[in-house]
Amino acid sequence: MTKKFYYHMWVRFFICIIALIEKMYSSDIEHTIINPTPKIVADLSFQIYSSEEKEFFYKFAEGDTLVFNAWVIKGNDISELTITKWPGTPVYSAVAIKGVENKKIFVEKEAIYSFKFKNTSLWSDKYYRFTLSRIPTKEEFITYDPTVEWDTLYDTTYVTVSESTLAHVDTLPEEVVNTQLKIGAGDRTYIKVSLPKNTIYWVYWVGVGQEAVNGLQEMASQLPEAAQVLGIADPVTAFAMGLLPKLFTLSKGLDITYYFLYDYDDVVKFMGGGEFKTFKWGERIITDYAKMEKTFQREFYMGLSNSYSIFTPKLVTVKIVAVKTIPKYNIREVQKPEVHKRVIPKINK
């Protein structure tokens, strides 16, 4: 082959390269705006209360140029202003400024930008205004919508918590009153009764004179084996737990009258000889006992009267036992889900 042949081959090659470059260049020209017109994105005036902030989000197309202006309408300054490319790339920040004029930001790729204003004043509100425009450089993005849409995401994490489950319920007796009172002839007296928490029922025994006391004590030596196994040595407690069918009583002897009173106002009336309210009583009894399944209330009073006797003082023994429940729980560590909601902006529709 001759030199002339090689010369023509190289000429054709360069012509093809030049044609390809011209085609690529003309294609870019077709999609690039020669004299782009700014598009208004936002023109907002707003109030910010003391120690608060407001944040605005807008979306921009590839090749856009942002033009941002901000100033104070009312107040001494814009306390803090930050512009950030979402999710966290800082673009611009300033503190204690009067305003910003024609701040330009070039958008290389489609992105969301946030514009955050703060009022750090502790006592006064402020009023700001800002305008925002975009200058598109590509014809396909002239009508681009800068509105930001949002995605709601739910993140689930697991935390360790203590969880209790009821294992069983213990039923236990508790002695509430165990006392002896000497009541003079024609006199009255009272005692206060406080039932423990979770009382389900209670029992009482009242006896007048030493013979009644001796009879009750004799029962203590005759308690069933079940009471001994449970460590119960008191007949009234054994009766309260259902281990005795009855308690000691007398048919002859000295007597007394008793009343269970609702509150202290009734005590005052009882002691003064006035009318009072009572939910249980026994008149001129030698011995008496009962199981009270209606607790009414946790605190009440017992009035004792020797008003029928003119000359004889009385020795009165009172025993009250409450039966309460105590729940027992098993504690274990468990993993429980916690769902956290978060809202984030999205670029792609």
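This passage walks through the fold of the protein, from its overall make-up down to a few single residues. The model is a predicted one, and residue numbers start from 1 along the chain.

Taken as a whole, the protein has five helices and 16 strands. Of its 349 residues, 36% count as buried.

Now for the inside. The largest nonpolar core holds 26 residues, and F68, F115, F117, F130 and L132 have the most contacts within it. Strands β1 (39-48), β2, β3 (65-74), β4, β5 (89-97), β6 (99-106), β7 and β8 (126-135) each give two or more residues to this core. Another core, of 24 residues, lies apart from it, and I191, W202, I256 and M302 are among its members.

Strand β7 (residues 111-119) deserves a look of its own. Seven of its nine residues are buried, so the strand is largely enclosed by the rest of the structure. Its partners include β2 (residues 52-60), which pairs with β7 in the antiparallel sense over nine bridges. Strand β4 (residues 78-85) also runs antiparallel to β7, and six bridges join the two. K116 is a handy landmark here: E55 stands opposite K116 in the pairing of β2 with β7, while T82 stands opposite K116 in the pairing of β4 with β7. As a general point, side chains in a regular strand alternate between the two faces of the sheet.

Helix α2 (residues 210-220) has a buried set made up of A212, V213, G215, L216 and M219. Viewed down the axis of α2, these residues fall within an arc of 160°, so they line one face of the helix. The buried residues of α2 pack against β9 (149-183), β11 (199-208), α4 (235-240), β14 (287-292) and β16 (314-346).

What does R188 touch, leaving aside residues up to four places away in sequence? The list is I183, F270, M271, G273, F276, L304 and S305. R188 sits in strand β10 (residues 188-194) and is partly exposed, with a relative accessible area of 30%. Its side chain reaches the backbone oxygen of F270 at 2.7 Å. R188 and N306 are 118 residues apart along the chain, yet their C-alpha atoms are separated by 6.1 Å.

Most residues other than glycine have a negative phi, and most peptide bonds are trans. Against that background, W86 and P87 are joined by a cis peptide bond, with omega about 15°; P87 is in the loop between β4 and β5. N102, not a glycine, has a positive phi of about 50°. This residue lies in strand β6 and counts as partly exposed at 43% relative accessibility. N198 is not a glycine either, and its phi is positive at about 70°. N198 lies in the loop between β10 and β11 and is partly exposed, with a relative accessible area of 39%.

Note on methods:
This is a predicted model: local features need pLDDT of at least 70, side-chain atom pairs count only at pLDDT 80 or more; totals for chains, interfaces and linings use all residues. Side-chain values use heavy atoms; hydrogens and water are left out. Buried means under 20% relative accessible area, exposed over 50%, partly exposed in between (1.4 Å probe, protein chains only). Helices (H or I, at least four residues) and strands (E, at least two) are DSSP runs, numbered from the N terminus. Two strands pair if DSSP finds at least two bridges between them. The arc is that of the directions from the helix axis to the C-beta atoms. Contact means heavy atoms within 4.5 Å. A polar contact is a pair of N or O atoms within 3.5 Å; within protein, one must be able to donate a hydrogen and the other to accept it, and residues adjacent in sequence count only if both atoms are side-chain atoms. A nonpolar core is a set of buried Ala, Val, Leu, Ile, Met, Phe, Trp, Tyr and Cys residues joined through side-chain atoms within 4.5 Å.
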